[in-house]
Amino acid sequence: MSGASLPASINSPVLRRASGKPAVTDQGFAETSEEVSLLSAEMVDMKSGNVLIHGTGMTPSPVLLWRLKILLFFAWGISCCKISWDSVMRMSSDLRDLFLYEAFLYYNPLLLVTFTVFLWGVNLWVFSQSSTNYSKVFDLNHNCLTHREIYICATWMAIVVPTSMTAYLYLYSHGEVLLAASQPVILYAIIAMVLIFPFDIFYLSSRYYFLRTLWRIVLPLQAISFADFFLADILTSMSKVLSDLERSICRMVNHQVATIAWFEADSICGSHSIAIPLALVFPYLCRFFQCLRQYKDTKERSSLLNALKYSTAIPVIFLSALKYHVMPANWTNFYRPLWLLSCTLNSLYSFYWDVTRDWDLSIFTSIFKFKAPSLCTSLLYGRMWVYYWVISSNLVLRCTWTYKLSAHLRHNYLTVFAITSLEIFRRFQWIFFRVENEWNKMTSKSNSDIKMDEMSNEDSRLLGTSNHNV
């Protein structure tokens with residue numbers, strides 16, 4: 001069957017004259033013009049249907065397009081890995097580790113941010129499948145980003161960041177030092193421009209909501225909302241990311257990219273800089289002042305206890321930084337035991353607060369009870385092993401996250417990267433139970449308010465009745 005017109009033979013059994021009168025066929029049967037028109041319409045439908053079939057056949061299916069995108073993504077990833085490996089192997093062995101450490105410093109914060117964005121997309125997908133209304137919890141409008149838009153952002157970040165890193169490695173290994181030094185600078189500038197771009201493209205309202213929340217975290221001069229301290233809690237898990245961002249920007253500003261000036265520990269951007277512990281402690285200080293502001297507004301004693309929890313991270317960070325500024329014997333005999341004691345206190349206190357205050361483990365979580373039957377629901381909903389895993393992994397990762405701030409691990413960038421990734425994964429688990437707990441509080445409060453209104457209306461109706469039978 002084709003879309004071309006069908007020529008009518010002179011001996012065709014059906015012929016229609018221009019006048020529309022009955023035509024006589026070769027077999028002697030007379031047919032009305034209406035019957036001829038009906039048959040012609042069927043022929044047109046057959047031809048148009050044939051065109052639609054061909055048009056549909058030429059459009060690739062969404063599944064095929066999705067598989068093609070995945071294939072291209074992995075092909076691109078393998079190409080970046082191959083080019084990066086060849087570029088590193090071109091260098092001498094004595095400079096290779098130093099060069100990788102510098103390159104990793106510029107790009108590992110952005111890789112960890114990409115990982116965080118992707119996990120946040122998974123959180124939103126689970127919330128969308130369950131009964132937890134995260135948009136009401138965070139007081140968002142109906143135009144808030146869904147998990148699909150979050151996945152798109154994470155995908156673009158997963159493409160742009162490794163591409164810039166590959167270009168940096170390739171150009172530096174081939175002697176193009178100036179071009180190599182420009183790669184991280186251009187990448188950081190593009191990210192900053194995308195965040196503050198004032199035009200209505202690339203999720204303007206969501207970007208400004210994020211920036212406004214950051215501003216409220218830095219200056220907690222107003223009542224603290226759930227989104228404020230929720231994002232601040234996430235930033236405490238990314239304190240190492242903030243520290244590396246500070247060091248990277250410092251080197252860019254001081255023209256130390258792709259040089260060995262950064263290797264001097266006492267330089268302005270070196271590993272002994274006082275800005276490093278300040279960047280590490282900054283999210284904890286923000287969260288500390290949020291708790292004080294919340295106590296001022298609510299007079300709840302739990303806010304002061306929560307502020308005490310965040311204050312226990314301060315000695316961990318600064319005692320660790322003292323290793324660079326005291327004698328080794330003093331560090332070993334005095335400051336190191338204090339640091340270990342601070343680590344233990346902070347880890348156990350934070351773990352206790354997670355389990356007893358941030359989460360509500362007195363009932364089975366319904367976060368994994370999806371609206372439609374799902375493999376995730378059958379594996380996770382109502383399973384005791386989920387609770388055992390979350391509690392045990394939270395305790396272990398709380399301890400490793402505190403231990404990560406140790407001074408002697410700072411140059412072991414692969415270990416630090418792994419521990420920071422695990423801390424982000426711990427926060428990813430924490431989000432499920434924290435948001436569900438807040439949603440349960442909101443729904444229970446709403447139900448109690450409705451019951452109080454009903455009781456008040458009933459009392460008013462009874463007291464307002466004019467006719468009483470005694």
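Colleague: In which helix is Gln183 found?

Modeller: Helices (H or I, at least four residues) and strands (E, at least two) are DSSP runs, numbered from the N terminus. Gln183 belongs to helix α6, which covers residues 177-196. This is a predicted model, in which local features need pLDDT of at least 70 and side-chain atom pairs count only at pLDDT 80 or more, whereas totals for chains, interfaces and linings use all residues. Residues are numbered from 1 along each chain as its sequence is written, and side-chain values use heavy atoms, with hydrogens and water left out.

Colleague: Is Gln183 buried or exposed, and which residues does Gln183 touch?

Modeller: Buried means under 20% relative accessible area and exposed over 50%, with partly exposed in between (1.4 Å probe, protein chains only). Gln183 has a relative accessible area of 19%, so it is buried. A contact means heavy atoms within 4.5 Å. Leaving aside residues up to four places away in sequence, Gln183 touches Tyr107, Ser164, Ala167, Tyr168 and Leu171.

Colleague: Is Leu178 buried or exposed?

Modeller: Leu178 is also placed in helix α6, but its relative accessibility is 75%, so it counts as exposed.

Colleague: Where are Tyr203 and Lys299 found?

Modeller: Tyr203 is found in the loop between α6 and α7 (204-218), and its phi is near 60°, a positive value in a residue other than glycine. Its relative accessibility of 26% makes Tyr203 partly exposed. Lys299 is found in the loop between α10 (275-298) and α11 (301-311). Its phi is near 60°, again positive in a residue other than glycine, and Lys299 is exposed, with a relative accessible area of 59%.

Colleague: How is a pair of aromatic rings described, and to what does the count of aromatic pairs come?

Modeller: One gives the distance of the centres and the angle of the planes. Rings of Phe, Tyr and Trp (its six-membered ring) pair if their centres lie within 6.5 Å; planes under 30 degrees apart count as stacked, over 60 as edge-to-face and the rest as tilted. By this rule there are 24 aromatic pairs. One of them joins Phe230 and Trp430, stacked at 5.9 Å centre to centre with 25° between the planes. Phe230 lies in helix α8 (residues 226-237) and Trp430 in helix α16 (residues 413-463), so this pair ties together parts that are 200 residues apart in sequence. Both residues are buried. Ring pairs also link Phe230 and Trp430 with Trp120, Phe138, Phe226 and Phe229 into a cluster.

Colleague: At what angle do the ring planes of Tyr349 and Trp353 lie?

Modeller: The planes lie at 65° and the centres are 6.5 Å apart, so the pair is edge-to-face. Tyr349 and Trp353 both lie in helix α13 (residues 328-358), 4 residues apart, about one turn of the helix. An α-helix has 3.6 residues a turn, so residues three or four places apart point the same way. Tyr349 is buried at 16% relative accessible area, and Trp353 is buried at 6%.

Colleague: Which residue lies over the face of Trp353?

Modeller: A charge sits over a ring if NZ of Lys or CZ of Arg is within 6 Å of the ring centre and within 35 degrees of the ring normal. Arg357 lies over the face of Trp353, at 4.8 Å from the ring centre. Likewise, the charged end of Arg427 sits over the ring of Trp430, 4.5 Å from its centre.

Colleague: How many residues has the largest nonpolar core?

Modeller: A nonpolar core is a set of buried Ala, Val, Leu, Ile, Met, Phe, Trp, Tyr and Cys residues joined through side-chain atoms within 4.5 Å. The largest has 34 residues, and Phe127, Phe138, Phe230, Ile431 and Val435 have the most contacts inside it. Helices α3 (93-129), α4 (134-137), α5 (147-173), α8, α15 (384-404) and α16 each supply at least two of its residues. The largest share, 8 residues, comes from α16. Another core lies apart from this one and has 19 residues, among them Met91, Ala103, Leu110 and Leu171.

Colleague: How many helices and strands are there in the protein?

Modeller: The protein has 16 helices and 2 strands. Of its 470 residues, 38% are buried.
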